[in-house]
Amino acid sequence: MPDHTEEARLPPGQYVPRGHPVLHYGRVPQFRPERWNLAVFGATASGEETRFAWPEFSALPRTSVIADFHCVTKFSIMGSEWGGVPATVLLDLVPPAPGVAHVMIWGEYGYSANIRMSDFQRDTTLFALELDEKPLTAERGLPVRMVVPHLYAWKSVKWVRAVEYLLADRRGFWEERGYHNVGDPWREQRYAYQEEPGEGPA
Ligand SMILES: Nc1nc2c(c(=O)[nH]1)N[C@H]1C(S)=C(S)[C@@H](COP(=O)(O)O)O[C@H]1N2
Ligand SMILES: [Mo]
(Lines give C-alpha, C1' and ligand atoms only; values in the text may rest on other atoms or scores of the structure.)
(Ligands and ions follow the chains in the order given, each with its own letter.)
Protein backbone atom coordinates (compact mmCIF):
# COMPACT_ATOMS: atom_id res chain seq x y z
CA MET A 1 0.00 0.00 0.00
CA PRO A 2 1.42 3.42 -0.82
CA ASP A 3 2.57 5.45 2.16
CA HIS A 4 1.02 8.92 2.16
CA THR A 5 2.38 10.07 5.51
CA GLU A 6 4.22 13.37 5.62
CA GLU A 7 7.42 11.50 6.45
CA ALA A 8 7.26 9.65 3.14
CA ARG A 9 6.73 12.93 1.26
CA LEU A 10 9.83 14.60 2.74
CA PRO A 11 12.89 15.16 0.52
CA PRO A 12 16.23 14.04 2.02
CA GLY A 13 17.44 16.05 5.03
CA GLN A 14 14.11 17.87 5.60
CA TYR A 15 11.87 17.87 8.71
CA VAL A 16 8.37 19.12 9.57
CA PRO A 17 8.47 21.83 12.27
CA ARG A 18 5.58 23.00 14.44
CA GLY A 19 3.51 25.74 12.82
CA HIS A 20 4.28 27.62 9.66
CA PRO A 21 7.68 29.32 9.78
CA VAL A 22 8.02 32.66 8.00
CA LEU A 23 11.40 33.46 6.55
CA HIS A 24 12.83 36.26 4.45
CA TYR A 25 15.68 38.67 4.20
CA GLY A 26 14.91 42.32 5.02
CA ARG A 27 11.69 44.23 5.59
CA VAL A 28 8.05 43.40 4.80
CA PRO A 29 6.83 45.89 2.17
CA GLN A 30 3.52 47.71 2.42
CA PHE A 31 1.02 46.97 -0.35
CA ARG A 32 -0.44 50.06 -2.03
CA PRO A 33 -2.71 48.83 -4.87
CA GLU A 34 -2.57 52.14 -6.77
CA ARG A 35 1.23 52.01 -6.93
CA TRP A 36 1.64 48.30 -7.52
CA ASN A 37 2.33 46.75 -10.91
CA LEU A 38 3.98 43.65 -12.24
CA ALA A 39 6.44 44.10 -15.13
CA VAL A 40 7.45 41.52 -17.71
CA PHE A 41 10.65 42.66 -19.41
CA GLY A 42 13.90 41.46 -20.96
CA ALA A 43 13.78 39.21 -24.03
CA THR A 44 10.06 39.40 -24.82
CA ALA A 45 8.88 38.30 -28.29
CA SER A 46 7.66 41.83 -29.06
CA GLY A 47 10.77 43.53 -27.67
CA GLU A 48 8.45 45.59 -25.44
CA GLU A 49 8.00 45.61 -21.69
CA THR A 50 4.48 44.89 -20.38
CA ARG A 51 3.14 46.13 -17.05
CA PHE A 52 0.05 44.76 -15.32
CA ALA A 53 -1.63 47.16 -12.92
CA TRP A 54 -3.33 45.66 -9.86
CA PRO A 55 -6.89 45.61 -11.34
CA GLU A 56 -5.62 43.78 -14.42
CA PHE A 57 -3.37 41.32 -12.64
CA SER A 58 -5.91 40.44 -9.96
CA ALA A 59 -8.49 39.68 -12.69
CA LEU A 60 -6.33 37.09 -14.50
CA PRO A 61 -7.53 33.46 -14.47
CA ARG A 62 -6.60 31.53 -11.34
CA THR A 63 -6.13 27.96 -10.29
CA SER A 64 -5.15 26.24 -7.08
CA VAL A 65 -2.33 23.87 -6.23
CA ILE A 66 -1.80 21.79 -3.11
CA ALA A 67 1.90 21.40 -2.50
CA ASP A 68 4.65 20.85 0.05
CA PHE A 69 7.20 23.62 0.40
CA HIS A 70 10.84 22.94 1.27
CA CYS A 71 13.25 25.52 2.70
CA VAL A 72 16.96 24.90 2.23
CA THR A 73 17.41 25.52 6.00
CA LYS A 74 15.66 22.13 6.22
CA PHE A 75 12.12 22.83 7.39
CA SER A 76 9.24 21.79 5.14
CA ILE A 77 5.71 23.18 5.19
CA MET A 78 3.40 20.37 4.13
CA GLY A 79 0.15 20.50 2.19
CA SER A 80 -0.43 24.22 1.64
CA GLU A 81 -3.15 25.20 -0.81
CA TRP A 82 -1.99 28.08 -3.00
CA GLY A 83 -4.39 29.99 -5.23
CA GLY A 84 -3.20 32.19 -8.02
CA VAL A 85 -2.33 32.84 -11.64
CA PRO A 86 -0.43 30.02 -13.37
CA ALA A 87 2.92 31.12 -14.80
CA THR A 88 1.75 29.71 -18.14
CA VAL A 89 -1.02 32.35 -18.25
CA LEU A 90 1.61 35.08 -18.08
CA LEU A 91 3.74 33.32 -20.71
CA ASP A 92 0.74 33.26 -23.08
CA LEU A 93 -0.02 36.96 -22.49
CA VAL A 94 3.61 38.05 -22.85
CA PRO A 95 5.44 35.47 -24.96
CA PRO A 96 9.21 35.28 -24.62
CA ALA A 97 11.55 35.62 -27.59
CA PRO A 98 12.85 32.38 -29.10
CA GLY A 99 15.84 31.10 -27.11
CA VAL A 100 14.67 32.25 -23.68
CA ALA A 101 15.56 29.30 -21.43
CA HIS A 102 15.68 31.08 -18.04
CA VAL A 103 13.74 33.72 -16.14
CA MET A 104 14.69 36.03 -13.27
CA ILE A 105 11.91 36.64 -10.77
CA TRP A 106 12.23 39.99 -9.00
CA GLY A 107 10.70 40.88 -5.63
CA GLU A 108 10.52 44.20 -3.77
CA TYR A 109 13.84 45.67 -2.59
CA GLY A 110 15.86 43.84 -5.26
CA TYR A 111 15.43 40.25 -4.02
CA SER A 112 15.63 37.90 -7.01
CA ALA A 113 15.77 34.25 -7.97
CA ASN A 114 16.58 32.67 -11.33
CA ILE A 115 14.56 29.71 -12.58
CA ARG A 116 14.87 27.58 -15.68
CA MET A 117 12.05 28.12 -18.18
CA SER A 118 11.21 24.41 -17.83
CA ASP A 119 10.61 24.96 -14.09
CA PHE A 120 8.68 28.20 -14.68
CA GLN A 121 6.41 26.39 -17.17
CA ARG A 122 5.39 23.63 -14.74
CA ASP A 123 1.67 23.59 -14.11
CA THR A 124 2.33 23.93 -10.36
CA THR A 125 4.29 27.19 -10.76
CA LEU A 126 2.00 30.04 -9.70
CA PHE A 127 1.81 33.71 -8.96
CA ALA A 128 -0.02 33.08 -5.71
CA LEU A 129 -2.47 35.57 -4.24
CA GLU A 130 -4.05 33.21 -1.72
CA LEU A 131 -2.91 30.67 0.83
CA ASP A 132 -5.42 28.16 2.21
CA GLU A 133 -8.28 30.12 0.60
CA LYS A 134 -7.39 33.45 2.22
CA PRO A 135 -5.47 36.40 0.75
CA LEU A 136 -1.75 36.21 1.53
CA THR A 137 -0.71 37.91 4.74
CA ALA A 138 1.81 40.76 4.42
CA GLU A 139 4.68 38.65 5.75
CA ARG A 140 3.94 35.78 3.38
CA GLY A 141 3.95 37.92 0.27
CA LEU A 142 0.89 40.19 -0.04
CA PRO A 143 -0.31 40.83 -2.70
CA VAL A 144 1.48 38.28 -4.92
CA ARG A 145 4.29 35.80 -4.48
CA MET A 146 5.86 33.22 -6.71
CA VAL A 147 5.29 29.58 -5.75
CA VAL A 148 7.62 27.04 -7.33
CA PRO A 149 6.95 24.16 -4.96
CA HIS A 150 9.22 21.60 -6.66
CA LEU A 151 12.32 23.75 -5.97
CA TYR A 152 13.77 24.99 -2.66
CA ALA A 153 11.63 27.78 -1.28
CA TRP A 154 14.14 30.61 -1.80
CA LYS A 155 13.02 30.43 -5.47
CA SER A 156 9.45 31.25 -4.38
CA VAL A 157 9.93 35.02 -4.40
CA LYS A 158 7.57 36.91 -2.10
CA TRP A 159 6.26 40.40 -3.02
CA VAL A 160 6.99 39.67 -6.68
CA ARG A 161 7.13 42.74 -8.95
CA ALA A 162 8.77 41.61 -12.18
CA VAL A 163 9.68 38.74 -14.44
CA GLU A 164 12.73 39.13 -16.66
CA TYR A 165 13.15 36.82 -19.65
CA LEU A 166 16.80 35.83 -20.00
CA LEU A 167 18.68 34.79 -23.12
CA ALA A 168 21.61 33.82 -20.88
CA ASP A 169 21.22 32.44 -17.34
CA ARG A 170 22.21 34.71 -14.44
CA ARG A 171 22.33 34.08 -10.69
CA GLY A 172 19.75 35.61 -8.38
CA PHE A 173 20.14 36.84 -4.78
CA TRP A 174 20.89 33.53 -3.00
CA GLU A 175 22.38 31.85 -6.07
CA GLU A 176 25.07 34.58 -5.99
CA ARG A 177 25.67 33.87 -2.30
CA GLY A 178 26.58 30.22 -2.56
CA TYR A 179 23.28 28.45 -3.11
CA HIS A 180 22.67 26.00 -5.92
CA ASN A 181 21.61 27.44 -9.28
CA VAL A 182 18.83 24.87 -9.79
CA GLY A 183 17.78 23.97 -6.22
CA ASP A 184 15.94 20.64 -6.59
CA PRO A 185 15.19 19.39 -3.04
CA TRP A 186 14.79 15.77 -4.20
CA ARG A 187 18.37 15.84 -5.46
CA GLU A 188 19.44 17.88 -2.39
CA GLN A 189 20.87 20.62 -4.60
CA ARG A 190 21.55 23.01 -1.71
CA TYR A 191 24.92 24.62 -2.50
CA ALA A 192 26.69 25.98 -5.58
CA TYR A 193 29.70 23.71 -5.03
CA GLN A 194 27.44 20.74 -5.83
CA GLU A 195 26.64 22.10 -9.30
CA GLU A 196 27.49 19.90 -12.22
CA PRO A 197 28.50 21.18 -15.64
CA GLY A 198 25.48 22.73 -17.36
CA GLU A 199 23.63 23.47 -14.08
CA GLY A 200 25.02 27.00 -13.63
CA PRO A 201 25.46 30.05 -15.87
CA ALA A 202 28.21 29.64 -18.45
N1 LIG B 1 11.15 38.67 -1.56
C2 LIG B 1 11.61 37.61 -0.87
N3 LIG B 1 11.08 36.39 -1.10
C4 LIG B 1 11.52 35.31 -0.44
C5 LIG B 1 12.56 35.42 0.52
C6 LIG B 1 13.12 36.71 0.73
O7 LIG B 1 14.06 36.88 1.52
N8 LIG B 1 12.61 37.78 0.03
N9 LIG B 1 12.98 34.29 1.19
C10 LIG B 1 12.70 32.98 0.57
C11 LIG B 1 12.92 31.87 1.47
S12 LIG B 1 14.54 31.48 1.83
C13 LIG B 1 11.91 31.08 1.95
S14 LIG B 1 12.20 29.69 2.88
C15 LIG B 1 10.50 31.41 1.67
C16 LIG B 1 9.70 31.43 2.96
O17 LIG B 1 8.35 31.61 2.68
P18 LIG B 1 7.31 31.75 3.87
O19 LIG B 1 7.75 32.93 4.71
O20 LIG B 1 5.99 31.94 3.22
O21 LIG B 1 7.38 30.48 4.68
O22 LIG B 1 10.37 32.68 1.03
C23 LIG B 1 11.30 32.90 0.00
N24 LIG B 1 10.94 34.11 -0.69
MO1 LIG C 1 14.47 29.31 2.69
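Modeller: Along the sequence, the protein chain of this predicted model runs α-β-β-α-β-β-α-β-β-α-β-β-β-β.

Biologist: What makes a stretch a helix or a strand here?

Modeller: Helices are DSSP runs of H or I with at least four residues, strands are runs of E with at least two, and both are numbered from the N terminus. By that rule, the protein chain has four helices and ten strands.

Biologist: Why is the protein chain called as compact as a globular protein of that length?

Modeller: The radius of gyration, taken over C-alpha atoms, is set against the globule rule, 2.2 Å times the number of residues to the power 0.38. The protein chain has a radius of 16 Å, close to the 17 Å given by the rule for 202 residues, so it is as compact as a globular protein of that length.

Biologist: Why is T73 called exposed?

Modeller: With C-beta atoms placed from the backbone, a residue is buried if 20 or more other C-beta atoms lie within 10 Å of its own, exposed if 12 or fewer, and partly exposed in between. T73 has 12 other C-beta atoms within 10 Å and is therefore exposed. T73 sits in the loop between β3 (63-70) and β4. Of the 202 residues in the protein chain, 33% are buried.

Biologist: What makes a set of residues a nonpolar core?

Modeller: Such a core consists of buried Ala, Val, Leu, Ile, Met, Phe, Trp, Tyr and Cys residues joined through C-beta atoms within 7 Å. The largest one has 40 residues, and V103, I105, F127, A128 and V160 have the most contacts inside it. Its largest share, five residues, comes from β7.

Biologist: Which residues does V103 contact, leaving aside its neighbours within four places in sequence?

Modeller: Contact requires C-beta atoms, placed from the backbone, within 7 Å. On that basis V103 is in contact with I115, M117, F120, V163, E164, Y165 and L166.

Biologist: How many residues surround ligand 1?

Modeller: A residue counts if its C-beta atom, placed from the backbone, lies within 6 Å of the ligand. There are 15 around ligand 1, the closest being H24, C71, G107, A153 and K158.

Biologist: How are the numbers and letters assigned, and which confidence limits apply?

Modeller: Residues are numbered from 1 along each chain as its sequence is written, while chains are lettered from A and ligands numbered from 1 in the order written. Local features need pLDDT of at least 70 and side-chain atom pairs count only at pLDDT 80 or more, whereas totals for chains, interfaces and linings use all residues.

Definitions and conventions:
Contact = placed C-beta atoms within 7 Å.
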